[in-house]
Amino acid sequence: MIVIIGAGLAGLSTAYHLKKDYAIYEREHEVGGLCKSYTIDGFTFDYTGHLLHFRKKEIKALVSRLLDSKLNEIKRRAYIFSKNIYTEYPFQANTYGLPKEVVKECLMGFIEAFLKQGQGARGKGQGKKNKTETFEDWIYKTFGKGIAKHFMIPFNEKFWKMPLDKLSSDWVSWLVPMPKIEDVVSGAIGVGKKDIGYNPIFHYPVNGGIDVLPTAFLPHINNLNLNVKANRISLKNKTVSFANGDDVKYDYLVSTMPLPELIKFCGDCPSKIKTLSKGLKYISVYDINLGIKRNQVSDKHWLYFPEKEYSFYRVGFPMNFSASLAPEGYSSMYVEVSHKDGREIPKGKLINDAVNGLIKAGILKKDDEITVKDIVDIKYAYAVYDFHRQKAVPIILKYLSDNNIFSIGRYGAWEHTSMEDAIYHGKVTAQRLNKKA
Ligand SMILES: Cc1cc2nc3c(=O)[nH]c(=O)nc-3n(C[C@H](O)[C@H](O)[C@H](O)COP(=O)(O)OP(=O)(O)OC[C@H]3O[C@@H](n4cnc5c(N)ncnc54)[C@H](O)[C@@H]3O)c2cc1C
């Protein structure tokens, strides 16, 4: 028997691809995990923006099949708001329009960094993991002083809530766009390319929120148990105990719950593994969802805010992903604020700071009627890529797999990955299990 814990995309995809007996247990009353949506006063919100960026043809084909091709392909309109103006994403390849001395600093810094390394070395280094380099050193080496000062350092410090020399750089290869020198120069004089980075286009369901994706798995899976929370695992007896008192025996366990929670539940785990797991850190995100009684408060998809005077690091506009997400004549927004170590920010302050910042940036007007102000706190939003994670995660995952437990998905593998990756992890894990006796 294969037991799957969690019916987010990784758990659902495992079940979908398994050719053996399995049962799937989810603690919530619905499937989807973080890939869920909720509706309030006619607005549909995801747990901040959830856009599909496909890099694997097989997963794109699967999602398309599941959704009966009801997916729109959309060209991104993503910008950075700094020095009171919008520049196109990614900042490093689009400095045109910023004050001239800022453009000069960015350009000269990039050229200096380029001369130190040479384009050849940059080319070779992209995608290669340097295990000892800090994220801060990587930023200066890759982009130079100006881009570091005006975007990379303030944005990332605001987001990660920690000094960047505490972070490793082994996760940046696909996430942070690394333009060539000609792109940086072209972007500084206003003739840059528009499709730099991993997400120049994205896909989103034609109708409804992103929850249509996990829901589309349902006709293809069985043995789904909702409202059942796993809370104890015996490695020796190969049993999972649930909060409702049931004990279930497994041959293999696929867990998609956050890795530190899984280890906490494994009473008979060695203390070395427990200690490694306790050191894993994460960032939480307040997802502030607003509904505004005004058509098209913005024509953009999402915006980055590197400056300290804004409490949020990113803002997005769901009504521009799909018109079905907001009532006619209204706009919808999500505003993202990160927090760490359980440091809570009062709800009133979160909303006031968000609304005041949006007015200051010229997105909201003082007399706008805000009909929805709702906040969701996403506890495990981003795994922190520090040097402890780099050492600890492979040891923990190996220990678990030696004990017939596959801990997968974004939080199970404790990594910065996407919906597509979660579906892919589920597929690969099921294929591995299908081959076992
Ligand atoms: C703010 C934010 C924005 C994002 N934006 C994007 C985006 O634009 N595009 C993109 O591709 N990806 C995005 N992602 C990532 C995406 O949400 C995840 O990669 C994906 O949903 C992870 O799926 P999963 O199945 O691995 O984990 P989860 O969705 O977390 O699923 C795990 C499931 O396990 C259940 N569970 C946990 N503990 C127990 C227990 N003890 N017993 C039973 N069940 C349990 C949970 O309830 C949950 O349903 C974003 C993530 C965040 C945080």
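**A guided look at a predicted model**

Visitor: Which residues come nearest to the ligand?
Guide: Welcome! This is a predicted model. There are 34 residues around the ligand. Those that come nearest are Gly6, Gly8, Gly33, Gly409 and Ser418.

Visitor: How many residues of the shell around the ligand are charged?
Guide: Let's go through the shell by class. It has 16 nonpolar and 12 polar residues. Several elements each supply at least two residues of this shell, among them helix H1 (9-17) and strand E18 (370-383). The number of charged residues in the shell is 6.

Visitor: Where does the ligand lie, and between which domains?
Guide: The domain assignment gives the chain domain 1, domain 2 and domain 3 (92-193). Two of these give residues to the shell around the ligand, so the ligand lies between them: domain 1 (2-35 + 211-280 + 385-434) and domain 2 (37-52 + 72-76 + 199-205 + 282-383).

Visitor: Which strand gives the most to the side of domain 2 that touches domain 3?
Guide: Here 9 residues of domain 2 are in contact with 7 residues of domain 3. On the domain 2 side, they divide into 4 nonpolar, 2 polar and 3 charged. The element giving the most to that side, with 3 residues, is strand E17 (residues 331-340).

Visitor: Is helix H8 roughly parallel or oblique to helix H10?
Guide: Helix H8 (residues 271-278) and helix H10 (residues 387-402) have their axes 10 Å apart. They pack at an angle of about 135°. Angles over 145 degrees would count as roughly antiparallel, and 65 to 115 as roughly perpendicular. The angle therefore makes H8, relative to H10, oblique.

Key:
Residues are numbered from 1 along each chain as its sequence is written. This is a predicted model: local features need pLDDT of at least 70, side-chain atom pairs count only at pLDDT 80 or more; totals for chains, interfaces and linings use all residues. A residue is near a molecule or strand if its C-beta atom, placed from the backbone, lies within 6 Å of it. Helices (H or I, at least four residues) and strands (E, at least two) are DSSP runs, numbered from the N terminus. Ala, Val, Leu, Ile, Met, Phe, Trp, Tyr, Cys and Pro count as nonpolar, Asp, Glu, Lys and Arg as charged, and the others, Gly among them, as polar. Domain bounds come from an automatic or database domain assignment. Two residues are in contact if their C-beta atoms, placed from the backbone, lie within 7 Å. Axes are lines fitted to C-alpha atoms, for helices over the stretch in contact, and angles run from 0 to 180 degrees between N-to-C directions. Angles under 35 degrees count as roughly parallel, over 145 as roughly antiparallel, 65 to 115 as roughly perpendicular and the rest as oblique.
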